[in-house]
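Hi,

Here is the structure I promised to pass on. Have a look at it first, and my notes on helix packing and the ligand site follow below.

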Amino acid sequence: MQQRTLGRQGLAVGQIGYGSMGTAIGYGPSDDQESIAAIRRAHDLGVTHFDTARMYGWGEGEKLLGTAIAPFRDEITIATKFGIETDTTGAFLPDSRPEHIRKVVDDSLRNLGVDSIDLLYQHLHDPDVPVEEVVGVMQEFVDAGKVKYLGLSNTTPENVRRAHAVHPITALQTEYSIFERGAEAFFPVLEELGIGLVSYSPLARGFLSGVVKPRDQHAADDFRQFIPWWAPENFDANVEITHRLTELAESKGASLSQLALAWLLARKDYIVPIPGSRNPDRVAQNIAAAELDLTADDLARIDQIAPNGGITGPTA
Ligand SMILES: NC(=O)c1ccc[n+]([C@@H]2O[C@H](COP(=O)([O-])OP(=O)(O)OC[C@H]3O[C@@H](n4cnc5c(N)ncnc54)[C@H](OP(=O)(O)O)[C@@H]3O)[C@@H](O)[C@H]2O)c1
């Protein structure tokens, strides 16, 4: 697989990475053995960048990823994240208090079973802790040799700039797909400062995979029931968009998920999508997107079909 460089500090990774959230939370029940097989298939096919987070099962996702990659840890890079906790009702909230970061990053090292984390992200901006202070604590881990590169996720362009002034930021992880274009607001700051973009939910949380079902058919703990693309007033219009995108993909001998990932690779040479799948064959299908070339006409056609991404509002 071709390599891409995230940031100006030398982090080279395969152009398609692997996102492991679904192995622990978000998309209904998982089979751990199948998830481990999926992660190892990704490695066999050239993926070198594997993404997780403390909040993916409060350490369980990190443990599973650590088990899966143990035989080839030295050949790959691992990213994890701190900074999201839950309140007493179970609602997610930001937590980047310095003493909290110092504790949970050491927990992540233990959960992953590694001596160092290649890329450490703040998972979510915390309005109670200035980003300069957060990055200062992250830098302590770099100085101690426990973390190699720093990143931010779910933040603003202004925070990226402020963080980078304290310590070089290697990657921004943000949602980006044919359905969700908000990441484009970061392009100017990323290009000015030379920061990579790791695009999460590149398949629009599965909407762009070719297999999509209505909201009420998901498991009770499946995040997708809360996402507007699945809202009953938007669902059919979004399915129609995917049908038209699938026709274009098939005209090129590709699948919808491959078209969605190739679109991201074509947008900028500093973008690395991290699709998630717990199934080895679906992982292989996604990785083959690296071989799909989209022409200028294909890109224009995609913009014609989904000019504003997925439909999230009332359709009337
Ligand atoms: N920083 C953040 O706040 C944040 C937020 C969300 C995600 N992320 C990261 O980004 C990664 C990817 O995002 P994501 O998992 O939300 O969404 P995604 O990659 O857009 O989609 C994942 C969903 O698509 C399905 N899928 C994947 N490939 C498929 C294929 N070829 N055919 C049919 N179905 C397919 C998966 O199901 P199966 O598993 O059953 O195949 C899963 O339900 C995560 O794993 C996580 O590492 C980060």
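**Helix packing and ligand site**

Helix α1 (residues 32-44) packs on helix α2 (residues 60-69) at an angle of about 55°, and their axes are 9 Å apart. Helices here are DSSP runs of H or I with at least four residues, numbered from the N terminus; axes are lines fitted to C-alpha atoms over the stretch in contact, with angles running from 0 to 180 degrees between N-to-C directions. That angle makes α1 oblique to α2 (under 35 degrees counts as roughly parallel, over 145 as roughly antiparallel, 65 to 115 as roughly perpendicular, and the rest as oblique). The α1/α2 crossing is right-handed, as the near helix is turned clockwise from the far one by less than a right angle. On the α1 side, the contact (heavy atoms within 4.5 Å) uses Asp-32, Ser-35, Ile-36, Ile-39 and Arg-40, and α2 brings Leu-64, Leu-65, Thr-67, Ala-68 and Ile-69. By class, that gives 6 nonpolar, 2 polar and 2 charged residues (nonpolar is Ala, Val, Leu, Ile, Met, Phe, Trp, Tyr, Cys and Pro; charged is Asp, Glu, Lys and Arg; the others, Gly among them, are polar).

Before you go further: this is a predicted model, where local features need pLDDT of at least 70, side-chain atom pairs count only at pLDDT 80 or more, and totals for chains, interfaces and linings use all residues. Residues are numbered from 1 along each chain as its sequence is written, and side-chain values use heavy atoms, with hydrogens and water left out.

α1 also packs against helix α9 (residues 280-287), at about 25° with the axes 8 Å apart. That makes α1 roughly parallel to α9, and the crossing is again right-handed. Glu-34, Ala-37, Ala-38, Arg-41 and Ala-42 of α1 touch Pro-280, Asp-281, Val-283, Ala-284 and Ile-287 of α9.

Ile-241, Arg-244, Leu-245 and Leu-248 in α7 meet Asp-298, Arg-301, Ile-302 and Ile-305 in α10, which comes to 5 nonpolar, no polar and 3 charged residues.

What about the ligand? It has 30 residues around it, and Tyr-27, Asp-51, Leu-203, Ser-277 and Arg-282 come nearest (a residue counts if one of its heavy atoms lies within 4 Å). A backbone N or O atom of Ser-20 is 3.3 Å from a ligand oxygen, and one of Ala-204 is 3.4 Å from a ligand oxygen. A ligand nitrogen sits 3.4 Å from a side-chain N or O atom of Tyr-56.

Cheers

Terms used
Helices (H or I, at least four residues) and strands (E, at least two) are DSSP runs, numbered from the N terminus. A polar contact is a pair of N or O atoms within 3.5 Å; within protein, one must be able to donate a hydrogen and the other to accept it, and residues adjacent in sequence count only if both atoms are side-chain atoms.
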